[in-house]
Amino acid sequence: MNTTFVDACFRKKTSFTPVWYMRQAGRYLPEYKKLKGNKNILDIVKTPELAAQISLQPVDTLGVDAAVLYADIMIPLLGAGVDLKIVESIGPVIKNPLRTMKDVKGLRKLEPTEDVPYLLQTISLLKKELHKKVPVIGFSAAPFTLASYLIEGQPSRTFTITKTFMYTNPDAWHLLMKKLSEMIIIYLLSQVEAGIEAIQLFDSWVGCLSDEDYKEFVLPYSVQIFTALKNNTIPTIHFGTNTAGMLHSFSSVDCDVVSIDWRMPLSKAWKEIGYTKAIQGNLDPAILLGDFSLVKRKVDELFNSLPKKNGYIFNLGHGVLPQTSVENLKRLTDYVHSKS
């Protein structure tokens, strides 16, 4: 098996820099568009054969060093009975957003084998198809990100309703975060049991908070999750966006890798995090929409800025954009491998 990705997560010496991409299994691939057709993402996720096939596509097409489970961050909520749908060009839309303590108390626990059996079947199929070729990365949204969708009812730019709930109803907020943390732990441990070999926790929207609010309202729950997931063979990655102002707090959890977006230089971030953790990132996905000469220059600048190579995983600062050229992404993968 190509263990380069897992080795880098644990800061072991590798013969080349491992590469994978968030949203590598998806919208930019012609093969994905053909398979998806008019199907909704949730319909595909609930069809293990299709979800496994989509997860495998980038491994063969791009030559990446890890496969990523094709799923959606809303799956644990869907499994727990939340009435939601994924609307094209909008995102997750929840029919009855949480507004009161009563609403929070009504959120039930997750039973993975009963509530999300299709996800576990997809992992099993992936493992068989890969024949130990590369590891499989599983993931979940973090409590704050799930809470923001539950409270807002749909994607938000300002998170005003979420913050108002957090500030004015702290008891309900902390109960919600406790219940979501327990749900995420159960969800991710079921993925590990099914065969997942690395985990990424997405706190995609936490950058809307101040460092002080993050430490009070969010960090204790992230700590709880990473503590529960601690495993010497399954590396864990903490991902967020706009985390430069809270990076010390964000990286203080017991994870193996911290993923950085493009808003902060990797060299500066790694110094602040401390070299006892691996680092992942952080090319701006929009750069891939330009000529490859631009991509190459930006990658050179990134590598030249790194204080060391052991413990570095190449990735984008966020997900692959739908209009990305497959050829550019393939050339990028080859270029990173050749540089190292």
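This is a predicted model: local features need pLDDT of at least 70, side-chain atom pairs count only at pLDDT 80 or more; totals for chains, interfaces and linings use all residues.
## Starting with a term

Helices here are DSSP runs of at least four residues, numbered from the N terminus.

## The chain as a whole

Let's begin with the overall picture. The protein chain contains 17 helices and 9 strands. Its C-alpha atoms fill a box of roughly 55 × 40 × 40 Å along the principal axes.

How does the radius of gyration of the protein chain fit a compact globule? For 340 residues, a compact globule would have a value near 20 Å, and the protein chain has 19 Å, which agrees.

## Inside and outside

Of the 340 residues in the protein chain, 57% count as buried. The accessible surface comes to about 14,100 Å², and carbon and sulfur atoms account for 51% of that area.

Contacts tell us how the chain meets itself. Take the contacts between residues at least 6 apart in sequence: 74% of these join residues at least 24 apart.

## Charges

Now for the charged side chains. The protein chain has 39 positive and 34 negative ones, and the centres of the two sets lie 2 Å apart. Side chains of opposite charge can pair when their charged atoms come close. The structure holds 13 salt bridges.

One of these salt bridges joins R108 and D115, with the closest N and O atoms 3.1 Å apart. Is D115 buried or exposed? D115 has a relative accessible area of 17%, so this residue is buried.

Look next at D211, E212 and K215, which are linked in a network of salt bridges. K215 takes part in a salt bridge with D211, where the closest N and O atoms are 3.6 Å apart. K215 also forms a salt bridge with E212, and there the closest N and O atoms are 3.3 Å apart.

E212 reaches 52% relative accessibility, so E212 counts as exposed, given that the cut-off for exposed is over 50%.

Terms used
Residues are numbered from 1 along each chain as its sequence is written. Side-chain values use heavy atoms; hydrogens and water are left out. Helices (H or I, at least four residues) and strands (E, at least two) are DSSP runs, numbered from the N terminus. The radius of gyration is taken over C-alpha atoms; the globule rule is 2.2 Å times the number of residues to the power 0.38. Buried means under 20% relative accessible area, exposed over 50%, partly exposed in between (1.4 Å probe, protein chains only). Contact means heavy atoms within 4.5 Å. Accessible areas come from the Shrake-Rupley method with a 1.4 Å probe; for residues, only the protein chains shown count as cover. Lys and Arg count as positive and Asp and Glu as negative; His and the chain ends are not counted. The place of a charge is taken as NZ of Lys, CZ of Arg, CG of Asp or CD of Glu. A salt bridge is a side-chain nitrogen of Lys or Arg within 4 Å of a carboxyl oxygen of Asp or Glu.
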